[in-house]
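Subject: Structure for you to look at

Dear colleague,

Please read them with the structure open beside you.

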Amino acid sequence: MRTDKIDALALETLLAAAVAAPSIHNTQPWRFGFDLGSRSVTVHADRSRSLALADPDGRALYLSVGAAVFNLRVAAAHLGWQPAPHLLPDPHDPDLLATVRLTVPATAPPDHRTLYAAVARRHSSRMPFTGRPVPEPVVAEMVAGARAEGAHLYVPDIPGTRRLLRVTSAAELRNAADMARTAESRAWVAPPGASPYGIPCTTVRPLDAAGRMPMRDFTGRPPVPGRPRMRFERHAQVALLWTAGDRPHDWLRAGQALEHALLVATAHGVRTSLLHQAMEWPDLREAMRAPSVRGCSPQVLIRFGYGPGARGTPTPRAGAHPAGRRAGHAGRPSDPGPPDLGDGA
């Protein structure tokens with residue numbers, strides 16, 4: 001597809017792709033605008049959608065916005081533009097996290113045809129996988145996708161996988177025992193149609209009957225009666241996304257790397273889900289570091305494999321409509337906050 005005109009339809013194509021990105025608890029902590037002068041899409045943080053307990057430093061917010069930036073780039077290439085991203089472009093505007101300038105390509109734009117088709121199909125699956133191994137060439141392509149964005153994927157062996165899942169399980173237990181954190185996550189669970197944000201309460205999120213797979217439980221303790229329990233894959237495949245640095249610029253790069261790897265997996269028919277719990281506790285995040293790697297800053301653990309898609313009500317998204325059209329102006333969604341109290345990733 002090739003268009004030389006930035007019209008409302010092109011903007012809606014760009015923003016529809018951007019808001020399809022994953023975000024922690026489906027908070028969608030972003031706002032978008034369009035600068036006519038520089039022909040750039042501006043991406044701002046919406047800090048009213050931050051998680052004070054689970055994400056006090058805003059690291060997961062930056063990852064979420066970075067994933068949206070990558071989807072913007074993919075959609076821009078799909079429209080025939082050369083996307084030129086600029087991270088943290090204005091030191092006087094800390095909420096302006098990125099601009100993506102749309103330039104006329106001197107050569108062929110990035111060939112993201114398969115990735116663009118995967119944008120709408122990518123959804124986190126909290127269901128059991130079959131255990132059939134994902135072929136090494138597909139895993140290698142995921143690793144290359146993350147590396148292209150300045151991050152790394154550590155794919156451990158079976159003992160290493162069990163170690164990472166044990167640490168994640170410890171984090172999930174801490175979250176479930178912390179009443180304040182449980183209340184914060186529950187605030188983002190809502191009836192279907194109640195809000196374009198958060199996790200629908202009808203989305204099936206079974207727990208592992210064997211207790212090996214630490215899927216996030218938004219309900220806290222005690223277990224909800226009738227909550228389904230199923231047997232998850234015995235030998236999980238996971239990949240730890242990490243960066244050499246651990247500053248906002250690195251978090252934005254990590255978010256782009258995350259979405260690049262997820263879209264590669266989706267394009268190959270591989271399901272994914274994100275295990276972020278250990279990243280929410282400083283000591284457990286430190287324990288997630290890849291062995292024998294200096295300067296490893298863990299960002300998120302990706303579980304991947306073959307299996308069914310998500311069941312129940314699809315995770316909602318806010319409307320993708322152009323917001324501002326002047327420099328420095330970014331529109332925000334009309335819904336002011338979480339569904340109840342004022343994964344997603």
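How do helix 2 and helix 7 lie to each other, and why? Before the answer, please keep in mind that this is a predicted model, in which local features need pLDDT of at least 70 and side-chain atom pairs count only at pLDDT 80 or more, while totals for chains, interfaces and linings use all residues. Residues are numbered from 1 along each chain as its sequence is written, and side-chain values use heavy atoms, with hydrogens and water left out.

The axes of helix 2 (residues 59-78) and helix 7 (residues 248-267) cross at roughly 55 degrees and come within 7 Å of each other; helices here are DSSP runs of H or I with at least four residues, numbered from the N terminus, and axes are lines fitted to C-alpha atoms over the stretch in contact, with angles from 0 to 180 degrees between N-to-C directions. Helix 2 and helix 7 are therefore oblique to each other, given that angles under 35 degrees count as roughly parallel, over 145 as roughly antiparallel, 65 to 115 as roughly perpendicular and the rest as oblique. Their contact (heavy atoms within 4.5 Å) involves residues including Tyr62, Gly66 and Phe70 of helix 2 and Trp251, Gly255 and His260 of helix 7. By class, this contact has 12 nonpolar, 5 polar and 3 charged residues, where Ala, Val, Leu, Ile, Met, Phe, Trp, Tyr, Cys and Pro count as nonpolar, Asp, Glu, Lys and Arg as charged, and the others, Gly among them, as polar.

Helix 7 also packs with helix 4 (residues 136-148), at an angle of about 155 degrees and with the axes 7 Å apart, which makes helix 4 roughly antiparallel to helix 7. On the helix 4 side the contact includes Val138, Glu141 and Met142, and on the helix 7 side it includes His260 and Val264; its residues divide into 8 nonpolar, 2 polar and 1 charged.

Helix 2, in turn, packs with helix 1 (residues 8-19) at an angle of about 145 degrees, their axes being 7 Å apart. There Thr13, Leu14, Ala17 and Ala18 of helix 1 meet Ala68, Asn71, Leu72, Ala75 and Ala76 of helix 2, a contact with 7 nonpolar, 2 polar and no charged residues.

Terms used: Helices (H or I, at least four residues) and strands (E, at least two) are DSSP runs, numbered from the N terminus.
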